[in-house]
Amino acid sequence: MLKVNQVWNFGQAGIMAVAFYTMFVCLRMAELPLWAGIGLALVATIWAALALERWGFRVLRARKSNTLTYFIFTITFSNFAIYLAELIFGTEPKSLTEQIISPVMLIGTVAVSHWDLTAVTVTSCLVLSLYGVLYHTDMGHSLMAVSDNPDLAEAYGIDTQKMYLVSMLLAAVLLLACMYLFGTKAALFPSTPLTQLLIYSVIATLLAGMGNVFAAGLMAVLLSLIQAFSVLVIESRWRRFSNDPVKQTWTPWAKARAYETGEQRDRALEQLKKAAYR
């Protein structure tokens, strides 16, 4: 989608919403077994992804729409899916398990949870499978040919419409696994796929270079590690804000700096003095 149409597919956020809330209905509301819930969610996610390609992107390509039309369409689709999820399930965060705390074991001095092991195993299997499909199958070679030059690929007899559907199918499988791992680790707001997850993918793709999905994945992991370890720096630097007596001292001082009139400034400084004496 990015290389062919030169536009980001923000419609994937809507597919994420379909995958997550289908699993939420199956696992939390209907209390189905894990295999049944994931199976039904996989069917729903694949159907939504193929429908988006068949009645969305294919129509736009046939009409030779410009990149702005693709952008508006994908944003509209994702927002519609998010608003529909908020209407049905509410705006509160939801998780796929009753408890998001996973058992932890120590490996040396490092604490490793069972969720970490599951996430690493699932991600590794998916990455290896994707690598095998792209580089060791005729379908993968056709996918890369279409992504490089769809007109030339079609001239060589490759069914480009089929390859577009295959790419959306692969994306649906990866998105389902992503939302399952996310939903068993943390609670998800309906807007999280569009406002957070997709932003990370865009930044990772830009930093890694367009057209290299595996480098983008590694860059996404690096960005996540930077975000996780930044807590150490932010916590030590801004710790005074979490301390209640210090916060009571800091807030009036900050208000005093913001006020421009002398009377308001004096009143804020008086509050600062009282807080200091306490």
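Which residue just after α4 takes a positive phi? That one is Gly 90, with a phi of about 90°. Some notes from going through the model follow.

1. Keep in mind that this is a predicted model. Mean pLDDT for the protein comes out at 81, with 79% of residues reaching 70 or more. The stretch to watch is residues 236–261, where pLDDT is below 50, although the model still gives this stretch 23 contacts beyond near neighbours in sequence. Where pLDDT is low, the predicted coordinates should not be read in detail.

2. Helix α4 covers residues 67–89, 23 residues in total. Its length checks out: at 1.5 Å a residue it should span 33 Å, and the end C-alpha atoms do sit 33 Å apart.

3. On burial in α4, the list runs Tyr 70, Thr 74, Ser 78, Ala 81, Ile 82, Ala 85 and Phe 89. As background, an α-helix has 3.6 residues a turn, so residues three or four places apart point the same way.

4. Thr 74, part of α4, is worth a click. Its relative accessible area is 0%, so it counts as buried. The Thr 74 side chain reaches the backbone oxygen of Phe 71 at 2.9 Å. Setting aside neighbours within four places in sequence, Thr 74 is in contact with Trp 8, Asn 9, Phe 10, Gly 11 and Phe 57.

5. On the cysteines: the structure holds 0 disulfides. Cys 26 has 7% relative accessibility, which is under the 20% cut-off, so Cys 26 is buried. Cys 178, at 32%, is partly exposed.

Note on methods: Residues numbered from 1 in each chain as written. Predicted model: local features only at pLDDT ≥ 70, side-chain atom pairs only at ≥ 80, totals over all residues. Heavy atoms only, no water. Disulfide = S-S within 2.5 Å. Buried < 20%, exposed > 50% of the residue type's maximum accessible area, 1.4 Å probe, protein only. pLDDT = per-residue confidence, 0-100. Contact = heavy atoms within 4.5 Å. Helix = DSSP H or I, 4+ residues; strand = E, 2+ residues; numbered from the N terminus. Expected span 1.5 Å × (residues − 1). Polar contact = N/O pair within 3.5 Å; in protein donor to acceptor, adjacent residues only side chain to side chain.
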